[in-house]
Amino acid sequence: MDRNQSYRNHKRLMKALHFSGLFITMAIICIPGLWIVLNSFRPTVEIMAKPPVWIPTFTLDHYRAMFGGAGEGGVPVFSYFRNSMIVSVVSTAIAILIGMSGGYAFARYKFKGKNGYFVGLMLFRAVPGVALSLPLFIVFARVGIIDTHIGLILAYVAMNVPFTVWLTDGFFRQIPKELHEAAEIDGCTRWQAFWQVEFPVAKSGVASAAIFAFLTSWNEFALASQLTRSVGSKTMPVGLLDFTAEFTINWGGMCALAVLMIVPALILTFLVQKHLIAGLTFGGVKG
Amino acid sequence: MTRRRLPEWFLLLLPAIIVIAAVVLIPLIFSLYSSFTPYKLTRPSTLWTWVGTYNYEKILTDAKFWTAFGRTVLFLTIALNLEMLLGLGIALMVNKVTWGQRTLRTVVMFPMMFSPILVGFQFKFIFNDNIGLVNNALQSMGFNVALPWLVDGKLAMFSILFAEVWMSTSVFAILILAGLFAIPRDPLEAAKVDGCTPFQSFRHITLPFLMPFIYIAMTIRSLDVARAYDIVQIMTGGGPARRTELLWTLMSRTGYVDARMGLANAMGYVSIILSVVFTIYFFRKLTAARAQIGMEG
């Protein structure tokens, strides 16, 4: 065998390895999620069947039961969905406004102890939700905002602000100072210069920060499980627990709610995928 | 009468400071205080009894606490390293693909959208010893076994680790991939001309360049390592017989089930310190790595 041949063989082998490695990885990433989607369309008898049934039958029973309302063993999905939406959207909007002003301060002003402030701010994000939920529960109970949207929104705003500051800081830093200086020379106030010149440039960064804030609020469980009690304020992650009983779990129903939970997150992420990655890297590396 | 005006940067930071002070700082101060009392939710008057460092002494001499603490640190070390290596592997593989790369990248991001609690339920279902996908597949392939994935201590720990890695590897993969895109071509080509093997140029050019990206991913991850709580709480609840108990589940059990808030808050502080140490460590690494490739801004 000549050298050319062996080189070609080697290359072919590497290609095969590469392909199969990629295939296995993608399978491991996809199968758990697909399994949930698949099972939300299967009748409970089939999910529980022993020996397992591999050829699935299609049914919408779980969705019908879920949307059927609280009366027939269903879960008040609409309320949960509404609560989740209200809490996530409002807290994201507030967190973005507050975070943007903070990020701007870090990007544009020089002041003593800047790094200290910055790391200090990030450390508040590091406080584990469970550890915070104990005292927050007591404090919120005293103030009387347990089991309300406002309580949860407040908690999520505080949770999201540090990360938003980090990301927007990175983006504002990308924008040359000359831009707003020019605008100010042309007669803008600083406020106008920000909204009309700098904000449009940093928009994609702000969008990625918003997605992260939204996903965090949408998916959060540790705080929500303690700060909400009733149908009026429970979010979807907490609602998932409604499908568990003492010893049994209604897997089909839970999968259906899980699908409902994933879909908005999925759509949102696909829409702004590109900004998401850019946001993370700019914010971190160049910040 | 002229009042000194607050500097602008402070005014801009003020909303952030107020919100965090109100929602995080005050509760934390309260919990610091209550960790020095025998506070029980069922008996509010106990809040005013000062017991000094009794709670801390109690947890520091408690074998259950130290087991959970050790297990948490071990779990985090294994999980973070594994996620980093797998993320690096995935990023390198995806980077080599010439066709359909965008789709692959989207697929890799998939687990990032999952709620940790959902990941917990998902793998509780998949690893279920009776109707789970894993056991069903094993049985259909002819192995006559029903492995007790979530009942046996070691297997349960493995399952939890699997779930955690599944959920968080994508953060690493995506960020490292972004790093690979940004890598300058010249040094790599120069190395090739000078006769470096692919491994050498990876080790001495690609990897150092990727380091800041790896540390960003580590920093982002270290900010919410405690998300593992959701997974463990759902999959095993710390059981069987406390064999998968992590610091966070122990804390929530002490606080909410036993209603011993004072003790739980003392544990909470230990867990906060743990998170803070992780975060500071990676922040410093990040700064160092940035300086190394001259990105310090």
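Visitor: Before we start, how are residues numbered, and what pLDDT do local features need?
Guide: Residues count from 1 along each chain as its sequence is written, while chains are lettered from A and ligands numbered from 1 in the order in which they are written. Because this is a predicted model, side-chain atom pairs count only at pLDDT 80 or more, totals for chains, interfaces and linings use all residues, and local features need pLDDT of at least 70.

Visitor: How many helices and strands does chain A have?
Guide: Helices here are DSSP runs of H or I with at least four residues, strands are runs of E with at least two, and both are numbered from the N terminus. From the N terminus on, the elements of chain A read α-α-α-α-α-α-α-α-α-α-α-α. The total for chain A is twelve helices and zero strands.

Visitor: And what does the secondary structure of chain B come to?
Guide: Read along the sequence, chain B has the pattern α-α-α-α-α-α-α-α-α-α-α-α. Its secondary structure comes to twelve helices and zero strands.

Visitor: What radius of gyration does chain A have?
Guide: The C-alpha atoms of chain A fill a box of roughly 80 × 75 × 35 Å along the principal axes. The radius of gyration is taken over C-alpha atoms, and the globule rule is 2.2 Å times the number of residues to the power 0.38. A compact globule of 287 residues would come near 19 Å, but chain A has 25 Å.

Visitor: What percentage of the residues in chain B is buried?
Guide: A residue is buried if 20 or more other C-beta atoms, placed from the backbone, lie within 10 Å of its own, exposed if 12 or fewer do, and partly exposed in between. The C-alpha trace of chain B spans about 85 × 75 × 30 Å along its principal axes. Of the 297 residues in chain B, the buried share is 45%.

Visitor: In chain A, what share of the contacts with a separation of 6 or more comes from residues 24 or more positions apart?
Guide: Two residues are in contact if their C-beta atoms, placed from the backbone, lie within 7 Å. For chain B, 66% of contacts between residues at least 6 apart in sequence join residues at least 24 apart. For chain A, residues 24 or more positions apart account for 75% of the contacts with a separation of 6 or more.

Visitor: Which helix gives the largest share of the side of chain A that touches chain B?
Guide: The contact takes 71 residues from chain A and 71 residues from chain B. Several helices of chain A each supply at least two residues, including α1 (3-40), α4 (77-108) and α9 (190-219). The largest share, 16 residues, comes from α12(A).

Visitor: How many residues on that side of chain A are nonpolar?
Guide: Ala, Val, Leu, Ile, Met, Phe, Trp, Tyr, Cys and Pro count as nonpolar, Asp, Glu, Lys and Arg as charged, and the others, Gly among them, as polar. On the side of chain A that touches chain B, 13 residues are polar and three charged, and the nonpolar ones number 55.

Visitor: Is A:Ile47 buried or exposed?
Guide: A:Ile47 sits in helix α2 of chain A. Its contacts, leaving out residues up to four places away in sequence, are A:Asn39, A:Arg42, A:Trp251, A:Gly252 and B:Ile131. Because A:Ile47 has 20 C-beta neighbours inside 10 Å, it counts as buried.

Visitor: How far apart in space are A:Ile47 and A:Gly252?
Guide: In sequence, A:Ile47 and A:Gly252 are 205 residues apart. In space, C-alpha to C-alpha, A:Ile47 and A:Gly252 are separated by 7.6 Å.

Visitor: What does α10(B) pack against?
Guide: Helix α10 (residues 228-235) of chain B is mostly covered, with eight of its eight residues buried. Among them are B:Tyr229 and B:Met235. The buried residues of α10(B) pack against α6 and α10 (222-227) of chain A, together with α5 (116-126), α7 (153-182) and α11 (247-257) of chain B.

Visitor: How many residues of helix α8 of chain B are buried?
Guide: Just after α8(B), B:Gly195 takes a positive phi of about 90°. Helix α8 (residues 185-193) of chain B is hardly covered, and among its nine residues the buried count is zero.
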